[in-house]
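Grab a pencil and work through these exercises with the structure in view. Try each task yourself before you read the solution.

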Amino acid sequence: MSDVTVALSASSTTPTIGSTLSITCTATGGRKPHSVELKRDNVSLESYLSDSSFCTDSGSYSLKCTYSTTTDYTSGGSYECIGKNKVANNNEVTTKGSVDVSVSQPVAVTMTPSSETEVPSGTSFTITCDVSGGNEPHRVTLTKPDKSVLTWESVSSGSKTLTCTGTFQLKCTYEIGNPVYSDEGQYKCDGYNKLPGQTAVQTKTCYCVVSTG
């Protein structure tokens, strides 16, 4: 009888956040594939030895194994299926198949405040931009009323004139201490991220009115 062969496929190699991702591994040949394991980035996710809802034995030297999950930021990576069987003289043969998955999600921006807001002079006021989505939000800009731009970039050489924390979900803040009339006007937040073959951007704005109280 032939050695075991493995075929590995993904329902999508660029799934979006919240969608269902299915990884299917089909092992065939040999006396009968007796062991199947699925790994992501070398970490075991599922395995089949004798009885598992992960795999279906067709009864004709073929084992079809499907791993399904709701896509989140951790779903991307290199998936590997390992099939084993015993051939002549009880020697064990191992065959591997692999597929790479990259999570895709347009960038999303939430800005606080989200509409025109009155800011009393003599107080402190904070504008917040929450940026999420994509493989990694890699750049955030805040344009002030005087058209000057504050920037945060995830690359080590990037500018950090805007304060942001987080990785896949960024929280960027800009504090105005003792607002004056020159702080009045429109603030614009742009969040950028890289998707396969493109760069996505979303913009949110708010308008601040400084009052004398």
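## Exercise 1: A look inside

The largest cavity has a lining made of Val 119, Phe 125, Ile 176, Pro 179, Asp 183, Tyr 187, Cys 208 and Val 210. Keep in mind that you're working with a predicted model.

**Task.** Sort the lining of the largest cavity: how many residues are nonpolar, polar and charged?

**Solution.** 
- Step 1: Sort the names. Val, Phe, Ile, Pro, Tyr and Cys count as nonpolar, while Asp counts as charged.
- Step 2: Go through the lining, which includes Asp 183. You end up with seven nonpolar residues, no polar ones and one charged.
- Step 3: The largest cavity takes up about 30 Å³, and a search of the whole structure turns up one cavity of 30 Å³ or more.

## Exercise 2: The chain as a whole

**Task.** Describe the protein chain: how many helices and strands does it have, and what percentage of its residues is buried?

**Solution.** 
- Step 1: Count the elements. The protein chain has zero helices and 17 strands.
- Step 2: Check burial. Of the 213 residues in the protein chain, 40% are buried.
- Step 3: Ask how far apart contacting residues sit in sequence. Take the contacts between residues at least 6 apart in sequence: 63% of them join residues at least 24 apart.

## Exercise 3: Pairs of opposite charge

Side chains of opposite charge can pair when their charged atoms come close.

**Task.** Find the salt bridges: how many does a search of the whole structure give, and which parts does the pair Lys 171 and Asp 130 tie together?

**Solution.** 
- Step 1: Count. The search of the whole structure gives two salt bridges.
- Step 2: Take the pair from the task. The side chains of Lys 171 and Asp 130 form a salt bridge at 3.0 Å, N to O. Lys 171 belongs to strand 15 (residues 169–177) and Asp 130 to strand 11 (residues 124–132), so this pair ties together parts that are 41 residues apart in sequence.
- Step 3: Compare sequence with space. Although 41 residues separate Lys 171 and Asp 130 in sequence, their C-alpha atoms are 4.6 Å apart.
- Step 4: Lys 171 is partly exposed at 41% relative accessible area, and Asp 130 is partly exposed at 24%.
- Step 5: Look around Lys 171. Leaving out residues up to four places away in sequence, Lys 171 touches Thr 128, Cys 129, Asp 130, Thr 163, Cys 164 and Thr 165.
- Step 6: Turn to another pair. Asp 190 and Lys 188 meet through their side chains in a salt bridge at 2.6 Å, N to O. Asp 190 has 5% relative accessibility, so it counts as buried, while Lys 188 is partly exposed at 27%.

## Exercise 4: Buried or exposed?

**Solution.** 
- Step 1: Recall the cut-offs. Under 20% relative accessible area means buried, and over 50% means exposed.
- Step 2: Apply them to Val 109. This residue sits in strand 9 (residues 108–112), and its relative accessible area is 4%, so Val 109 is buried.
- Step 3: Setting aside neighbours within four places in sequence, its contacts are Asp 130, Val 131, Cys 189, Gly 191, Gln 202 and Lys 204.
- Step 4: Apply the cut-offs to Ser 53. You'll find Ser 53 in the loop between strand 4 (43–48) and strand 5 (55–57), and at 81% relative accessible area it is exposed.

Conventions: Residues are numbered from 1 along each chain as its sequence is written. This is a predicted model: local features need pLDDT of at least 70, side-chain atom pairs count only at pLDDT 80 or more; totals for chains, interfaces and linings use all residues. Side-chain values use heavy atoms; hydrogens and water are left out. On a 1 Å grid over the protein atoms alone, a cavity is a set of points where a 1.4 Å probe fits but cannot get out, and a pocket is an open set with protein on both sides within 12 Å along at least five of seven lines; lining residues have an atom within 4 Å of a point. Grid points are joined across faces, edges and corners, and a volume is the space filled by probe spheres set on the points. Helices (H or I, at least four residues) and strands (E, at least two) are DSSP runs, numbered from the N terminus. Buried means under 20% relative accessible area, exposed over 50%, partly exposed in between (1.4 Å probe, protein chains only). Contact means heavy atoms within 4.5 Å. A salt bridge is a side-chain nitrogen of Lys or Arg within 4 Å of a carboxyl oxygen of Asp or Glu.
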